[in-house]
Amino acid sequence: MMASIIKNKKIQSLFFILFWLLLWEVAAKIVDKPVILPTIGQTLRALFAMAQHGEFYHHVALSLLRVFWGVGASIIIGIVLGIFSGLYDFVYRFFNPIMSVIKATPVVSFIILALVWMKTDNIPVFVCFLMCVPIIWTNVVQGVRDTDKRLLQMCHVYQISKFRMIREVYLPSVRGYIFSSIAASIGIGWKSTVAAEVIARPEISIGGGMYETKIYLETDNLFALTLVVIVLSFIIEYAIKNLLNNFSKGKKTYVPQHSKSQKSLSG
Amino acid sequence: MFLNIRNLKKAYQDKVIFDGLNLSFHEHEIACVLGPSGVGKSTLFNIIAKIESYDSGSIEGLDHKRIAYVFQEDRLLEWKNVYDNIAFVIAEEKDIRSRVDEAIGSVKLTGFENYYPSELSGGMRQRVSLARAFVYKPDLMIMDEPFKGLDIALKEDIIDDFEAHWQKNKYCVIMSTHDIEEALRLAQRVIILGKEPAVVVADIDCRTMDKNELRERIKNYFED
């Protein structure tokens with residue numbers, strides 16, 4: 001009985017989570033300075049105190065909206081550019097340098113540059129977009145390139161137009177790649193949005209609230225806001241994954257078939 | 001002459017497939033191309049279907065012809081159901097519904113219109129691929145070992161479907177097979193490709209020859 005409980009993976013995971021929480025609590029007790037490391041209780045109290053004010057929800061909602069716009073724009077632009085880059089090598093070579101540079105650039109560089117270029121309210125959206133678009137683009141390019149060549153040959157024989165090939169062959173083939181890149185970019189989009197908010201400090205934002213905790217040395221509030229970001233990130237990622245799974249079930253997502261006959265085509 | 005291939009040359013890096021192949025096909029005929037694996041049957045078919053390039057030579061008679069291709073594998077779109085897979089090739093044409101229904105009926109898949117390829121057996125999938133070729137109303141039908149890997153009863157069934165459709169429409173068919181009996185049953189002409197680079201080693205009019213004699217002749221070529 002005991003052995004089977006210990007072997008149960010869910011119970012194991014719960015145990016490990018409790019272990020890390022306990023470690024946090026013990027460390028906070030040892031440090032005994034809420035300014036440096038608040039306890040779990042202090043963090044939760046700070047969270048409940050914030051949750052009493054309507055303003056808190058306004059901050060959270062606006063930050064979420066920024067992530068939505070940033071990720072949404074990156075999905076649209078990433079898919080369109082990705083499809084054409086996958087189809088035409090010169091388009092790929094045109095966009096590849098800029099995408100590589102964006103991927104390699106630290107997020108703070110963009111935030112600081114954006115401070116010079118635009119209104120503070122737009123900076124988090126812009127930064128979120130920049131962080132996500134190369135992820136979507138790279139995945140879509142790969143998906144287009146991995147599209148079954150034998151299906152494309154079939155389309156060629158039956159004189160299917162390029163537009164219909166994109167809509168009816170490439171897009172369904174790439175769907176799985178798009179879904180996984182959306183799931184991957186949500187987390188990154190969320191983190192970069194909050195980072196941009198901390199530095200750019202739009203009037204209403206979670207990141208702006210975090211910056212204030214630094215000024216007033218309210219570490220418990222910082223922990224509480226971080227907790228909000230983490231929990232929301234989990235919820236969004238979980239919701240998106242479920243949504244995409246349901247969507248792909250209904251749409252018969254493509255599973256590539258690698259049959260031997262592909263090789264014998266040249267025979 | 002329906003299709004005329006003259007002095008066709010094709011090589012992959014270090015392997016010469018054709019070095020001056022001459023071959024022609026006639027209207028309304030079923031021509032069966034036989035030959036050992038790797039001789040270049042699929043390459044020839046792909047060149048005729050314009051999905052592979054060739055190095056030099058000429059192919060006359062392809063302009064404005066509608067070509068349907070039944071590949072060795074079914075090449076169905078997994079995200080479209082049976083009906084949509086067949087309608088896919090005539091989506092911009094007229095009378096789609098009646099044509100698709102007729103094609104589905106001719107391969108005896110009525111009732112399976114809403115099934116997805118993943119829900120069908122290998123034989124049924126190949127029938128969908130055949131129906132897709134039928135619905136296209138081709139002038140030229142290329143079939144590359146279309147009945148390979150099917151069990152005997154199913155193969156007979158599909159060949160019956162094909163024969164019935166051809167009798168009605170009489171398009172030119174160029175097909176390959178490894179099964180001599182299949183060739184004997186369907187072909188009006190048997191073309192045997194051999195050697196390396198490939199040449200036509202025999203071009204036999206089956207209509208003027210007794211089946212047993214033909215069988216022996218074809219076997220002799222393969223034994224040589």
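Colleague: From the N terminus on, in what order do the elements of chain A run?
Modeller: This is a predicted model, where local features need pLDDT of at least 70, side-chain atom pairs count only at pLDDT 80 or more, and totals for chains, interfaces and linings use all residues. Residues are numbered from 1 along each chain as its sequence is written, while chains are lettered from A and ligands numbered from 1 in the order in which they are written. Helices (H or I, at least four residues) and strands (E, at least two) are DSSP runs numbered from the N terminus, and chain A has 11 helices and zero strands. Its elements therefore run, by those DSSP runs, α-α-α-α-α-α-α-α-α-α-α.

Colleague: Is H4(A) roughly parallel or roughly antiparallel to H7(A)?
Modeller: Axes are lines fitted to C-alpha atoms, for helices over the stretch in contact, and angles run from 0 to 180 degrees between N-to-C directions. Helix H4 (residues 54-87) of chain A packs against helix H7 (residues 123-145) of chain A at about 30 degrees, with the axes 6 Å apart. Angles under 35 degrees count as roughly parallel, over 145 as roughly antiparallel, 65 to 115 as roughly perpendicular and the rest as oblique. H4(A) and H7(A) are therefore roughly parallel.

Colleague: How many nonpolar residues does the contact of H4(A) with H9(A) have?
Modeller: Helix H9 (residues 162-200) of chain A packs on H4(A) at about 145 degrees, with the axes 8 Å apart. Residues are in contact if their C-beta atoms, placed from the backbone, lie within 7 Å; among those in H4(A) are A:Gly70 and A:Ile79, and H9(A) brings residues including A:Tyr170 and A:Trp190. Ala, Val, Leu, Ile, Met, Phe, Trp, Tyr, Cys and Pro count as nonpolar, Asp, Glu, Lys and Arg as charged, and the others, Gly among them, as polar. Besides six polar and two charged residues, the nonpolar ones in this contact number 12.

Colleague: What is the radius of gyration of chain B?
Modeller: Chain B has seven helices and nine strands. For its 224 residues the globule rule gives 17 Å, and chain B comes close to this, so it is as compact as a globular protein of that length; its radius of gyration is 18 Å.

Colleague: Which helix gives the largest share of the side of domain 1 of chain B that touches domain 2 of chain B?
Modeller: The bounds, from an automatic or database domain assignment, are 3-66 + 138-223 for domain 1 and 79-136 for domain 2 of chain B. The C-alpha centres of these two domains of chain B lie 25 Å apart. The contact takes 12 residues from domain 1 of chain B and 11 residues from domain 2 of chain B. On the domain 1 side, the largest share, six residues, comes from chain B's helix H5 (residues 152-169).

Notes
Two residues are in contact if their C-beta atoms, placed from the backbone, lie within 7 Å. The radius of gyration is taken over C-alpha atoms; the globule rule is 2.2 Å times the number of residues to the power 0.38.
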